[in-house]
Amino acid sequence: MTDAYLSRIGKLIRDARQHRGWTQTELAEALGTSQSAVNRIERGNQNISLEMIARIGEALDSEIVSLGYSGPMHLRVVGGRQLSGAINVKTSKNACVALLCASLLNAGRTTLRRVARIEEVYRILEVLGSIGVRARWINDGNDLEIVPPAELDLAAMDTDAARRTRSVIMFLGPLLHRLDRFRLPYAGGCDLGTRTVQPHMTALRHFGLEVTATEGTYHAEVNREVSPTRPIVLTERGDTVTENALLAAARHDGVSVIRNASSNYMVQDLCFFLEQLGVRVEGVGTTTLTVHGVAHIDRDVDYAPSEDPVEAMSLLAAAVVTQSELTIRRVPVEFLEIELAVLEEMGLDNERSPEYAADNGRTRLIDLTVRPSKLSAPLDKIHPMPFPGINIDNVPFFAAIAASAQGSTLIHDWVYDNRAIYLTDLTRLGASVKLLDPHRVLVDGPTRWRSAEMMCPPALRPAVVVLLAMMAAEGTSVLRNVYVINRGYEDLAQRLNSIGAQIEIFRDI
């Protein structure tokens with residue numbers, strides 16, 4: 001076996017051992033070997049036979065590797081357990097993805113600190129690697145170093161990886177500065193002219209980019225004679241639309257004004273990163289951004305993205321539905337203030353630490369302690385709004401919280417077509433969730449949660465909401481095919497186990 005495979009297998013064995021709660025010595029005793037041998041295996045420093053892998057899997061009651069087809073990952077949840085202790089919020093998935101795309105602006109070395117190790121990031125890294133960008137994990141896999149080539153090889157792009165992430169659309173902004181013509185694949189269901197794509201094209205047209213779509217591919221051409229002559233007004237105050245406009249403006253040699261811009265957390269992180277590259281951005285945190293572009297960027301930069309407010313909301317909801325006292329550290333409070341205000345009106349008992357700065361030096365953080373609370377339904381409906389309103393991605397968590405509260409709560413998820421439908425999966429776990437139309441559900445509480453076995457919803461946040469409800473339900477539940485959760489969360493099951501949950505990862509044999 002190669003060193004890379006030995007390291008990966010060693011990590012799987014270490015994770016399975018830790019999940020079982022065993023020390024290296026206990027595993028060594030079960031195998032009839034030494035603790036030092038187990039240590040070498042887990043560090044990837046010892047050759048290991050398939051027979052030994054099978055013995056280790058049997059000892060730990062865990063399938064370490066799958067021979068032949070590797071089936072989907074499932075979760076077995078023993079619910080009804082209270083959480084306790086403290087847990088740190090990880091860095092923002094959406095910011096990390098935007099920063100990876102932004103690294104294409106820079107001819108120098110980009111180092112990103114504490115990057116989220118999730119499927120969405122891996123897909124972007126696969127795409128970047130296929131076109132010649134060198135990316136490697138450093139500092140025990142915590143940080144990421146990115147060095148672009150002098151010339152990108154877009155013909156070699158890993159189209160399978162690109163089609164598995166919608167984030168590849170944010171390559172348009174950086175690439176229009178590097179190539180006169182190029183092609184990008186687009187994700188299934190992401191058709192040119194739909195609500196999610198057309199605003200990008202409208203914004204980037206100001207920088208000379210014209211895009212046509214045929215047979216699942218964007219065909220892009222850049223007219224260098226075209227540049228913004230007046231402020232760019234975004235037809236949608238979307239996060240990725242704003243980021244794409246910023247990426248285009250960053251290397252436009254002049255001043256670009258972007259109006260109706262999103263001021264959400266990932267946009268702010270991108271602005272702070274662009275400032276590290278020497279691009280001046282005025283109006284960060286507002287809906288008007290003035291970008292003083294730089295035609296050529298060649299800098300070695302080191303940047304730490306801030307923490308993820310949606311993960312913080314996930315952990316907060318986990319504490320609420322399990323009636324637990326939990327301290328959530330490094331919460332980006334400025335992007336959760338409306339959610340916390342609504343929850344306090346519902347009766348949430350919580351305590352906040354004094355504010356302190358994130359590693360980017362700009363984002364405000366707190367440590368938040370949530371205590372068991374008797375909640376009442378909010379007087380008004382729950383609905384998302386652009387920042388500083390309730391975050392679009394946080395709306396689904398209110399379904400589980402409302403199901404734990406006394407009374408009826410109307411949730412209006414107007415942004416995404418049909419996402420509200422997936423919230424009705426909570427009825428399988430005992431909740432009363434009535435679908436009023438494709439965007440609205442009525443949730444009646446409180447709920448006596450019950451265990452169930454079910455398929456994971458295909459939408460990320462509703463999938464996590466189902467997992468949290470399973471944690472609250474007495475008995476054993478099974479959530480099948482959780483790839484969508486791995487797209488947005490790093491080691492979520494293991495991290496929840498660290499604060500008292502009992503979740504086992506398994507695959508079909």
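The conversation below turns to a pair of helices and then to a sheet.

Guide: This is a predicted model, in which local features need pLDDT of at least 70, side-chain atom pairs count only at pLDDT 80 or more, and totals for chains, interfaces and linings use all residues. Residues are numbered from 1 along each chain as its sequence is written, and side-chain values use heavy atoms, leaving out hydrogens and water.

Visitor: At what angle do helix 12 and helix 16 pack?
Guide: Helix 12 (residues 309-321) and helix 16 (residues 460-472) pack at about 25°, with axes 9 Å apart. Helices (H or I, at least four residues) and strands (E, at least two) are DSSP runs, numbered from the N terminus. Axes are lines fitted to C-alpha atoms, for helices over the stretch in contact, and angles run from 0 to 180 degrees between N-to-C directions.

Visitor: Which residues make the contact?
Guide: Helix 12 contributes Val310, Ser314, Ala317, Ala318 and Val321, and helix 16 contributes Arg461, Leu468, Met471 and Ala472; contact means heavy atoms within 4.5 Å.

Visitor: Now the sheet: what is the strand order?
Guide: The open sheet of 4 strands runs 9-10-12-11, with mixed pairing. Strand 9 (232-233) and strand 11 (280-282) each have a single partner strand, so one side of each lacks a neighbour in the sheet.

Visitor: How many bridges join strand 11 and strand 12?
Guide: They pair in the antiparallel sense over 3 bridges; pairing requires at least two bridges found by DSSP. Glu282 stands opposite Thr290 in strand 12.

Visitor: Which strands does helix 10 touch?
Guide: Helix 10 (residues 239-250) packs on the sheet, touching strand 10 (255-259) and strand 12.
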